[in-house]
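Q: I would like to learn how to read the features of a protein model. Could we go through them step by step?

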Amino acid sequence: MQQNCKNKLSAKILYSLLFMFIVNTLHAQNIIRGIVYDNETKETIQGVTVSLHENHLHSVTNSDGKFEIKNIKSGLYHIHFYILGFEPMAQNITIFKDTLLLIYLNPTYIEFKNFVLEYGLTKTESEKSSLSIEHLDKKYLDKESGNTLANSLEKIPGVSSMNVGVGIAKTVIRGMSFNRVMVTDQGVKHEGQQWGADHGLEIDQFNVERLEILKGPASLLYGSDAMAGVINILPPLIPVEGHINANVASVYRSNNDTWGVSAITEMNRNNNFFRIRYTVLEYGDYKVPADSFTYNRYVLPIYNRQLKNTAGKENNFSATAGVLRNWGSAKVSFSLYKQQSGLFAGAVGIPRTYLLTPDGNKRNIALPLQDNSHIKIISNINFKLKCGWIENDLGYQNNLRKEFSFAHAHGTMFNYNPYDTLALNLNLHTYSYNGRLHFNPKNSFRNIAGISLQMIQNTIGGFEYLIPEYTSAIGGAYFFSEYNKIEKTTINGGLRFDVSKINMQKFDTYIYDISGNVSDTWNRSPELNNYFYNFSGSIGISYLPKHELNIKLN
């Protein structure tokens, strides 16, 4: 009896110790500490940014060159060190206990902005990628700020913009635009009516602090819309733990009397962070160095060298909240973009003389005009694994585009009402999910396996017709691998399979007689139910004999 009690007591103690060990293992938190030195003078460097890309944790060296990053889960990490005036450094480290690093950076008078920062879905350094990549930071975007985000990118080689009015512009990469250039925002494809020349990009340019441009076919990882390249809007850096930041920026442009204010506040406390931004922007009619323009061989006047009815205004709001933990990170972002802008009569429809005559007010918005709103909710959740990590991007978007103009019959009308000015009402709902598994079983290989899912619903209204109502579902799966064991050489390649289904509604337009009665119908689009399939593959090589020369082939 006594022996039996002793056995039970021993078993309880053993189970308790085992439970404590498991709990302690599951919640084990490692710390990375280090000191950063100047490799020439051997003195410490203050202000070096130290970042782990798997969980977005980062730190900045103090006056003694020391840094510390807490709450690190055991596993393989890629750590960056960068500061202006020194060559940035990146290296792989394996963390299974508290780690001390001694880092030596080489001084340089050249800013290697592309050397260490990682790009795209592959998180590959620029010189190792076989695609041409440009990385733009907040400093560049502020310096080159244009009327729109697309205008701010025009000085990048191979990149231009297509403009309709002042606040409406689309990016062109190596001569291709529309659905051949993909725009992603925090891992989710931005979906508006991007097929239209007069449909701009519904993104607050003040809210873009980091951006990368992939020039060339990136369809393998991003899908078929990335035929010409990708405009990848990266999330802003998360504030350092314990910091509260606030900033107010203003802008004025004399060409069209633009004024705008954008305010932001952000905080990180115990690695729980939030960010809020509000932007208001207004502008008047655009000035041009011309007194006339030609339409169908007719020379029409431009009064006072101003394009009448190109004024507009924007009101944008965005908020982000999230957590950083040793297992990874999670955040939710919400944004609301609202824009109302006039359209120059010479850019849309048929320019009438009375539409070109000055009305004495260069800031009013008259017909024809656009009224656009874009709601976006994005969730990003990353899980750290022992030999890699998992990224999950979930998004919902609602793009509501309204175009107003004077009603005109011309023999055919959709929902004709001579007193109605709503020409188009395009309402687009988009649901998307992107999942990626990064796994690096060996230091010489970096692999990605991913899936992307998207469902779109488009409804229409107004008295004009451009596209039918439709629903579509798209799914894709891909595998990508990068090999970099050969000195100064990186080889990458992969395969992708996509399938999509589209259900397009039949649409008939009414035809009226001179009395305004319906006399007939005209089938503008038939009913369509179809599937599409696609296989794609890619292989590329990047050779870097020295910093000044980088050879890429795809």
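Q: In which sense do strand S10 and S15 pair, and over how many bridges?

A: Strands of a sheet pair through backbone hydrogen bonds, either parallel or antiparallel. A word on the source: the model is predicted. Here strand S10 (residues 132–136) and S15 pair in the antiparallel sense, over five bridges. One of the facing residues in S15 is Glu212, the bridge partner of His135.

Q: Which strand do six bridges join to S15?

A: Strand S16 (residues 229–234) is joined to S15 by six bridges, and the two run antiparallel. Ile213 stands opposite Ile231 in S16.

Q: Is strand S15 largely enclosed or largely open?

A: To read this, look at the burial of each residue; buried means under 20% relative accessible area. Five of the six residues of S15 (residues 210–215) are buried, so the strand is largely enclosed by the rest of the structure.

Q: What is the strand order in the open sheet of three strands?

A: The order is S4-S1-S7, with mixed pairing. Strand S4 (66–72) and strand S7 (99–105) are the edge strands, each pairing on one side only. On average, neighbouring strands of this sheet are turned by 20 degrees against each other, direction ignored.

Q: How many bridges join strand S1 and S4?

A: Strand S1 (residues 30–38) pairs with S4 over five bridges, in the antiparallel sense. Arg33 stands opposite Glu68 in S4.

Q: With which side chain does Glu68 meet in a salt bridge?

A: For a salt bridge, look for a side-chain nitrogen of Lys or Arg within 4 Å of a carboxyl oxygen of Asp or Glu. Glu68 meets Lys70 in this way, at 3.7 Å from N to O. Glu68 is partly exposed at 33% relative accessibility, and Lys70 is also partly exposed, at 48%.

Q: How many salt bridges does the count come to?

A: The count comes to 18 salt bridges. A further case is a network, in which Glu209, Glu266, Arg275 and Arg277 are linked by salt bridges.

Q: What is the distance between the closest N and O atoms of Lys155 and Glu144?

A: The closest N and O atoms of this salt bridge are 3.1 Å apart. Lys155 is in the loop between helix H3 (149–152) and strand S11 (159–163), while Glu144 is in the loop between helix H2 (138–143) and H3, so the partners are eleven residues apart. Their surroundings can be read from the accessible area. Lys155 is exposed, with a relative accessible area of 62%, whereas Glu144 counts as buried at 16%.

Q: Which residue forms a salt bridge with Lys362?

A: The partner is Asp257, with the closest N and O atoms 2.4 Å apart. Lys362 lies in the loop between helix H5 (353–356) and strand S26 (369–385), and Asp257 in the loop between strand S17 (244–253) and strand S18 (258–269), so the pair ties together parts that are 105 residues apart in sequence. Lys362 is partly exposed, with a relative accessible area of 34%. Asp257 is buried, with a relative accessible area of 16%.

Q: Where is His58 found, and what does its side chain reach?

A: His58 is found in strand S3 (residues 58–60). The side chain of His58 reaches the backbone oxygen of Ile238 at 2.8 Å. At 17% relative accessibility, His58 counts as buried.

Q: How many residues lie between the strands in the hairpin of S5 and S6?

A: The hairpin has six residues between its strands, and Gly85 takes a positive phi near 100 degrees in it. Strand S5 (residues 75–82) and strand S6 (residues 89–95) run antiparallel and are joined by seven bridges. Gly75 stands opposite Ile95 in S6.

Q: Which residues make the nonpolar surface patch?

A: The patch is made by Ile276, Tyr278, Phe317, Val332, Phe334 and Ile377, and covers about 490 Å². Strand S19 (272–283) and strand S25 (328–342) are the elements that give two or more residues to the patch. Ile276 is found in strand S19. With a relative accessible area of 35%, Ile276 is partly exposed.

Technical notes. Residues numbered from 1 in each chain as written. Predicted model: local features only at pLDDT ≥ 70, side-chain atom pairs only at ≥ 80, totals over all residues. Heavy atoms only, no water. Patch = residues over 30% accessible without salt bridge, like charges linked within 9 Å, V, L, I, M, F, W, Y side chains within 5 Å. Areas by Shrake-Rupley, 256 points an atom, 1.4 Å probe, with all protein chains shown as cover. Helix = DSSP H or I, 4+ residues; strand = E, 2+ residues; numbered from the N terminus. Buried < 20%, exposed > 50% of the residue type's maximum accessible area, 1.4 Å probe, protein only. Pairing = 2+ DSSP bridges. Axes fitted to C-alpha atoms, helices over the stretch in contact; angles between N-to-C directions. Polar contact = N/O pair within 3.5 Å; in protein donor to acceptor, adjacent residues only side chain to side chain.
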